[in-house]
Amino acid sequence: MNPLLLFDFICIFLFSKASALWSIQELHVNQETIEKISAAGQLMNCSAPVDILFLLDGSYSIGKGSFERSKHVAIKLCDALDISPEKIRVAVIQFSSTPHLEFALDAYFSKREIKDKLKKIVFKGGRTETGLALKYVLRKGFRGGRNSTVPQILIILTDGRSQGSVAIPAKQLKERGVIVFAVGVSFPRWEELHALASEPVEWHLLFAEDIDDASNGLYTTLMSSSICSAAFLAGCRADSYPCERKTLERAKELVGNYFCWKGSKSNNVVHTSLCPFYNWRNTFIKYPSRCYRTTCPDPCDSHPCQNGGTCIQQELEGYHCVCPVGFGGDANCAPKLSLECSVNLLFLVDSSSSTSLEGFLRYKAFLKRFLEAVWSRDTPGNVGVAQYSSDVKLVVRVGDFSDVLSLVKGVDSMQFIGGSTLTGKALWYIVQHGFKNVPVFADVPDELPHVVVLLTDSSAQDSVVEAAKYTRGQDIFLIGIGSEFLKAELDEITGNPKQTIIYSTPQDLFKKIPELQEKICSIDSLGCPSQSVDLVFALDSSASVGRENFVQLKHFVSSLSLQFDINRDVTQIGLVVYGKRPRTIFNLDTHVSSSALHEAISQAPFGGGSASLGSSLLHIHDDVMTVQKGARPGVKKIVVVVTGGTGVEDAIVPAQQLRNNDISLFVIGMGQLQMGSLPRIAGSHDNLLRISSYEDLKNNEDLIIEKICDEAKRPVNLCKPNPCMNDGVCVPRNGSYQCRCQGWEGPHCENRIQRGDTSPSQMHSARPPAQRNRRGWWQLYGAHQHSKRHIQQNH
């Protein structure tokens, strides 16, 4: 190809691509008004009996890309339609050389079905026979529609470059009472769209490239004609604005003649000739007009920013305040907060590709605002910052700086990395390197609590749950901040939904600063994550409780369990339900993750019948709180009983037997029951709680957690319950214990002595693991599993 020809072709191609990014419709108003129009367009809705038919141009002139954009516009418009058999019905026709009914008005009656069907429509290609499509609508009508009292709306999405006349069939449709909206796609031919649109044209002519503006224009027109009823904020109104529509026309121009070569039938003969060379000239044509759009009151009109702050509107109801120095404790420029606790605090910021550059910059801004609002040189603690994606980088080491200016400069130095979201890897790294060599101020005690605040907007791409469990096991408190869709994952990472902060919009994130400050300083009151406990719940599932209330009891247990770190090292939970007979749903060592535990709780069956609390407590004593069933020596054991108040008369003696074995007992009485023997069963009034209704259980969770955690911190009798199996005798010795076995051997008398062994009595040491000694817990668990296997073999 001639180099000049190639160069001109490339220039034309690049120009056409660049021009597609230019605004084809411009409102001649300030940026603030444009933002109001965009925000209002996202919140509009239409609810009324209406039949709407989308006519989608699927011709080659519009192209597959613009056709997909047309589908997207139709889908977004459906978001604001009250679609149902009685209200709005939707149908779609695709046209090119011939029209094709994709689905009729009576085919689908839900928003989800219609949007799914729209997504699956396949681009056909062909000529742009818009007139033929309009005649098809005239002849076939609105297929599946209702009677003439229901308004009919035709929404045509096209580039207006029809290969036939559209004026006559469009006029006939409008004479029949059909309301026609013409929506321009790509670089539309506006003259044809004017001929298609209903009068007044300024109200019925839209542009597909700005979806929020198009939806605003559509519903502004429908509400102004009283077709749709919609609820808006007080003061919202439709106004006209000067606007300018543009289109691109390409003219073919002769540049000159060049020598060219033509073949011939004779071999080795080439003919030369003069060939014309053409260029395409792009010309923009402008159409001044008026556009009618709805705007709503400015939220800054109420002057929400305090202390001289400047209010800046964001979307329809949103705003943010630019605060003067010394203020910024919350989004409205309240006086600065202060961190009223001593902690070593590390922010871990996601800078992976999934979070995106925009999300990363938002987190940087949040960090700077938090430090400016909360931190000072006098804050009794240390702070650091790290960022991660595929790798981890410590930007500011914990304790390197105490002044806000240096900390903010450190945050500013962070650069977006991109890559995979390896949150689990980042947590492992932080455990090893995040809090090394932390300097402590003279007036601040050593061993400050370690807190990691995770800011992420993307799901982890590695095993984050196990890494989070290990992190929490090292006495590092985790606080997670993220979007709503990440809540479940963040709850698992933090181990406690109360340590998770969820924001709904980017601006809402900045309003969470006081909440974060509060959570950082309330870590000591969040459950008892570092305190080991074997916890068994006994739930009344008798007929007096009923199925519905039993479901609420299961939700209650599931919610409480979220406050604990569920694993072999820290908290184990078992569940027993009882009616006339007790039933173990799962033992203490059955589930080692929160997700498995919650699933098992939800599957617990309702028993019915009459209740017997006494037999339930005996069952827990003999068959649940035992080493064989997962109970750990040297760990506090607690039973929480929830009773409807019936069948408790036989429980006094079994309850005392549990306490004699150093097993604590809490009793929760439900409803308007007579206390009767419940105080004697609980052992004291401090261990008895009466709750008036099952709905009120959730309001007492914090109190119950506090009681359990206080009890878990009490001293433990290493030989109660007896950790020795097969009638072995437990002997306390120097902060540990030993099992004296007869005919058995092993740390817990778990192995039968084989014939030929001569020793009738043996003493075996079994050192209970110290608190927070993780290796010890796993060693004990291995011994316990070994014991279970021998028991099964011998029985």
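Which residues does F54 touch, not counting residues up to four places away in sequence? With contact meaning heavy atoms within 4.5 Å, F54 touches A74, L77, C78, V90, A91, V92, I93, I155 and L157. A quick note before going on: this is a predicted model, where local features need pLDDT of at least 70 and side-chain atom pairs count only at pLDDT 80 or more, while totals for chains, interfaces and linings use all residues. Residues are numbered from 1 along each chain as its sequence is written, and side-chain values use heavy atoms, leaving out hydrogens and water.

F54 belongs to the largest nonpolar core, which has 42 residues. Such a core is a set of buried Ala, Val, Leu, Ile, Met, Phe, Trp, Tyr and Cys residues joined through side-chain atoms within 4.5 Å; buried is under 20% relative accessible area, exposed over 50%, and partly exposed in between (1.4 Å probe, protein chains only). F54, L81, I155, Y219 and L222 touch the most other members. Among the elements that each supply at least two residues are β2 (50–57), α3 (63–79) and α9 (211–224); helices (H or I, at least four residues) and strands (E, at least two) are DSSP runs, numbered from the N terminus. Apart from this core lies another, of 36 residues, including W375 and Y503.

K368 counts as partly exposed because its relative accessibility is 23%. Its contacts, not counting residues up to four places away in sequence, are V408, V411 and D412. K409 is 41 residues from K368 in sequence, with 9.0 Å between their C-alpha atoms.
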